Amino acid sequence: MKRFLPFCILALMAGLFFFSSQESAETNSMSWGVCGIAARLLYFKYADFSPQVQELLVHELNPFIRKAAHFLLYALLGAVCYLWLRRMRHNVTTALSLTAAFAALDEFHQLFVDGRTGKLADVLLDCLGASCGIAAAFAALCILRCLRDKSIVEKGVWKE
């Protein structure tokens with residue numbers, strides 16, 4: 001498993017870099033498609049609305065969906081980085097630093113893509129996502145360890 005994690009990290013980074021390399025027209029059409037699906041799921045009578053109202057709903061969802069994608073993808077990246085580095089000293093700091101450095105590099109890269117911008121707010125959102133992903137991975141490992149070793153829960157003792 002541990003040997004597989006670096007490939008997951010590289011695949012996530014490559015995917016993020018690929019998406020940020022697309023011009024704004026391409027990313028907008030992709031996010032509009034996702035927003036259309038989300039609108040159909042969120043609004044019970046979406047099909048009954050006029051095309052203008054449907055377009056407005058999709059337009060209103062677009063920023064939220066795009067920011068949620070940033071957050072979730074970097075949460076996943078942070079979690080996988082933490083799982084790979086978990087036996088290291090300062091694993092949380094290292095995983096978060098690696099993810100933050102990639103987020104900053106990715107936003108800098110977007111400055112050179114037509115119609116795209118690099119935003120500090122996106123880097124901060126990515127770091128928040130990575131922090132939540134790292135916390136979730138840590139909590140999941142703690143829960144798994146407690147399930148595996150019942151004495152931790154029964155006696156309240158964490159053995160190494």
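This is a predicted model: local features need pLDDT of at least 70, side-chain atom pairs count only at pLDDT 80 or more; totals for chains, interfaces and linings use all residues.
Residues are numbered from 1 along each chain as its sequence is written, and side-chain values use heavy atoms, with hydrogens and water left out.

**Figure 1. The protein as a whole has 6 helices and 0 strands.**
Along the sequence the pattern reads α-α-α-α-α-α; here helices (H or I, at least four residues) and strands (E, at least two) are DSSP runs, numbered from the N terminus. The radius of gyration is 20 Å, well over the 15 Å that the globule rule gives for 160 residues, so the protein is more spread out than a compact globule. For the record, that radius is taken over C-alpha atoms, and the globule rule is 2.2 Å times the number of residues to the power 0.38. Taken along the principal axes, the C-alpha atoms fill a box of roughly 60 × 40 × 25 Å. Buried residues account for 34% of the 160 residues.

**Figure 2. The surface and its charges.**
You will find 16 positive and 13 negative side chains, with the centres of the two sets 15 Å apart. Lys and Arg count as positive and Asp and Glu as negative, while His and the chain ends are not counted. Each charge is placed at NZ of Lys, CZ of Arg, CG of Asp or CD of Glu.

**Figure 3. A look at the cysteines.**
Searching the whole structure turns up 0 disulfides, a disulfide being a pair of cysteine sulfur atoms within 2.5 Å. Cys8 is in no disulfide, and the nearest cysteine sulfur, that of Cys81, is 10 Å away. Cys35 is buried, with a relative accessible area of 0%.

Thr99 sits in helix α4, which covers residues 91–110. Its relative accessible area is 0%, so Thr99 is buried. Setting aside neighbours within four places in sequence, Thr99 is in contact (heavy atoms within 4.5 Å) with Tyr74, Leu77, Gly78, Cys81 and Ala130. Across the protein, 62% of the contacts with a separation of 6 or more join residues 24 or more positions apart.

**Figure 4. Two residues of helix α3, His70 and Pro51.**
Helix α3 spans residues 51–85 and includes His70. His70 counts as buried, at 18% relative accessibility. Not counting residues up to four places away in sequence, His70 touches Glu107, Asp122, Leu125 and Asp126. Pro51 also lies in helix α3; Pro51 is exposed, with a relative accessible area of 61%. From Pro51 to Gln110, 59 residues apart along the chain, the C-alpha separation is 33 Å.

**Figure 5. His90 in the loop between α3 and α4.**
What is the phi of His90? Phi is near 60° here, a positive value in a residue other than glycine. As background, most residues other than glycine have a negative phi. His90 is exposed, with a relative accessible area of 54%.

Gly15 belongs to helix α1, residues 5–21. At 23% relative accessibility, Gly15 counts as partly exposed. Gly15 and Met88 are 73 residues apart along the chain, and their C-alpha atoms are separated by 26 Å. Phe112 is found in the loop between α4 and α5, the latter covering 120–148. Phe112 is exposed, with a relative accessible area of 62%. Its C-alpha atom is separated by 32 Å from that of Phe4, 108 residues away along the chain.

Key:
Buried means under 20% relative accessible area, exposed over 50%, partly exposed in between (1.4 Å probe, protein chains only).
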